[in-house]
Amino acid sequence: MKASMFAAMGYSKRHTFPSTWPISPVHADPATSVQSYREGMDECELAEEMGFDWLSFSEHHYSGRIPTGTPAVMASAVAERCRKITIAVLGHLLPLNNPVRVAEELALLDNLTNGRLVAGFLRGTPNEDQVYTMNPAEGRGRLLEGMDLILKALTEPHPFSWEGRYYQFRTVAVWPRPVQQPTPPVIVGTRSDDTIRYAAEHRLGLGVSFLPVEQTAAITDKYRAWCEEAGWTPGPDNIVYRGSIYVAETDGLAQEWFKGLQQSKPGPNIPMRRTVSEAINAARAGNVFDLRGVVAGSPEGDVVGNSLGINFLGGPDTVAKQIKEFHDRCGVGVIDMPFQQNKVDHEAVLKEIELFGRAVIPQLREF
Amino acid sequence: MVFQEREVEADGFKIRYWEAGQGQPVVMLDSTGWRGTILHEALAEKYRVFSLELPGTGDSPVNMESKSMEYLAATAAKAAAGLTKERYTLIGTSFGANLAIWQAIQDPDLVEALILISPTAIQPQNAPASATAEDVHKMAFAHGENAGKHVALSPEVFAKESELAGRLVSDVESRLGDIHCPTLAVFGQEDRLVSQEAARVYREKIPNCNIALVYDAGHCIIGDRPEALLNTVIDYTEHWETFIIGHQTGLINP
């Protein structure tokens, strides 16, 4: 099994942020920001040194927790420092982007890394529907069409025009061509049936994030069945699971950290005003949104958001066992982990990466 | 816009055609059952449109006289010449597009611009020999629900047209370089009756050729994505190869 570090590149003083989204840029000090990216790149270098197989980067917006709104820029900077490891952009949020531009970024990155790129396509979390003012109801359609267009743009040898539902380009002729032919490996990050089926039918990989093992297995079972229907069997690199992690020398130390985290009562992940959150979800589902009804009946307060648990928690053996469960039950071949958790500073992250590389990765190689 | 049904003679055939609109002429070699679409309506708003029923297709008698694509294309050209003395935009769909190719090769002085919709001249992926009219009808759409909205050819018309298309196969690939008018070839991304590779051949061999790919459409683009086809064809008819230049405003609040 392969290990991937999700390079969140978080702002080092992220524990001082208020529990809101977006996070006001007033909290960003340029000097701290520069230092934070440098620390993040140091973490990437150590991960490569400790035997990680992939480094992954994600498109997220308007927050210092994962301040990589343009993941290809971040990935290309790290790729120059880390010269052998696979560079995975997991991924671009297609509904927010010009798909031709994404194709150009991916092709360029595959050239800059001499064929070390893995590409990822996602719809994005509901909060990100606010970024660039995209209509949430159109997200799924834009994702599906965007994937088709990007794959065509990367493979078509002559200029063509594209007459889509959401995109119209009268001249598409992407340069350069990807080093990996016909395209770099692609992971589709999704939980939705239509997109899982799309990945299976187009022989693309599948990415699942942060779900418990049973729910993940339900998704990967569907994917693998639909791949078989489409006449192929996905390999280990085709199924990627992203889960949060805290690994310590012993189970006791890890539990102690987690207890401290809970006692500090961290705010919800991606908190939004209830009205905005419900309006987005209603728009995604094509439902009418009753603004006044929500405001009047909001006993939990104005800000909502889910708290993410920790998927992998414990000493090296425990964490390896937890990861193996995803391998055995879900067919996961690549485990992608953000080490930058709340209350974990740069020095602690480095220690975790070192520990994971020394004591967990050798166990992952056994399955 | 009302299309008037009329008749013109060429090579001894009595050829039915439908005419509407004013302006520069547009000659259409349509698939049976696909006249009077929103594409025809939109074209007739700006152009003088002639939609021809090729001998051996639709309700016309069995055509055993045409011995080759070249011959049938010449017949179509003579029919068009009987309708207009001006140079015209020629739009062919599926088998009609194959004839349009030959017409543009043989009569370059008549064809001002060429639009090929789902042409099957290069790398066709033929339906199985046992396929019925209903089978082929379903294969022509990307979505079953769209197939259900339209009627398949009758078994008699299907047999007649299949015999004609099967008998008149000819190698046109080596002649594509002889097409010198502006050309657009339009393909559905989900076309199961033509290889996805075919578009590249047109682009490579025809000197001034644009390729348009219509997302989420099968062979019958007008059935799956009518607005997208209309938009593309209208723009190309108006602007030829300059249709790549954007004219839509991005201004939101002046």
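**Exercise 1.** Work out how many residues of domain 1 of chain A are in contact with domain 2 of chain A.

*Solution.* Start with the bounds: domain 1 covers 2–263 + 309–364 and domain 2 covers 271–304 of chain A, with bounds coming from an automatic or database domain assignment. Next, count contacts (C-beta atoms, placed from the backbone, within 7 Å): 10 residues of domain 1 of chain A meet nine residues of domain 2 of chain A. On the domain 1 side, those residues split into four nonpolar, five polar and one charged. Here Ala, Val, Leu, Ile, Met, Phe, Trp, Tyr, Cys and Pro count as nonpolar, Asp, Glu, Lys and Arg as charged, and the others, Gly among them, as polar.

A quick note: this is a predicted model, where local features need pLDDT of at least 70, side-chain atom pairs need 80 or more, and totals for chains, interfaces and linings use all residues. Residues are numbered from 1 along each chain as its sequence is written, while chains are lettered from A and ligands numbered from 1 in the order in which they are written.

**Exercise 2.** Find which element of chain B gives the most to the side that touches chain A.

*Solution.* First, the totals: 16 residues from chain B and 13 from chain A make up the contact. Helix 7 (198–205), strand 8 (209–214) and helix 9 (226–239) of chain B each give two or more residues to chain B's side; helices (H or I, at least four residues) and strands (E, at least two) are DSSP runs, numbered from the N terminus.

Technical notes
Two residues are in contact if their C-beta atoms, placed from the backbone, lie within 7 Å.
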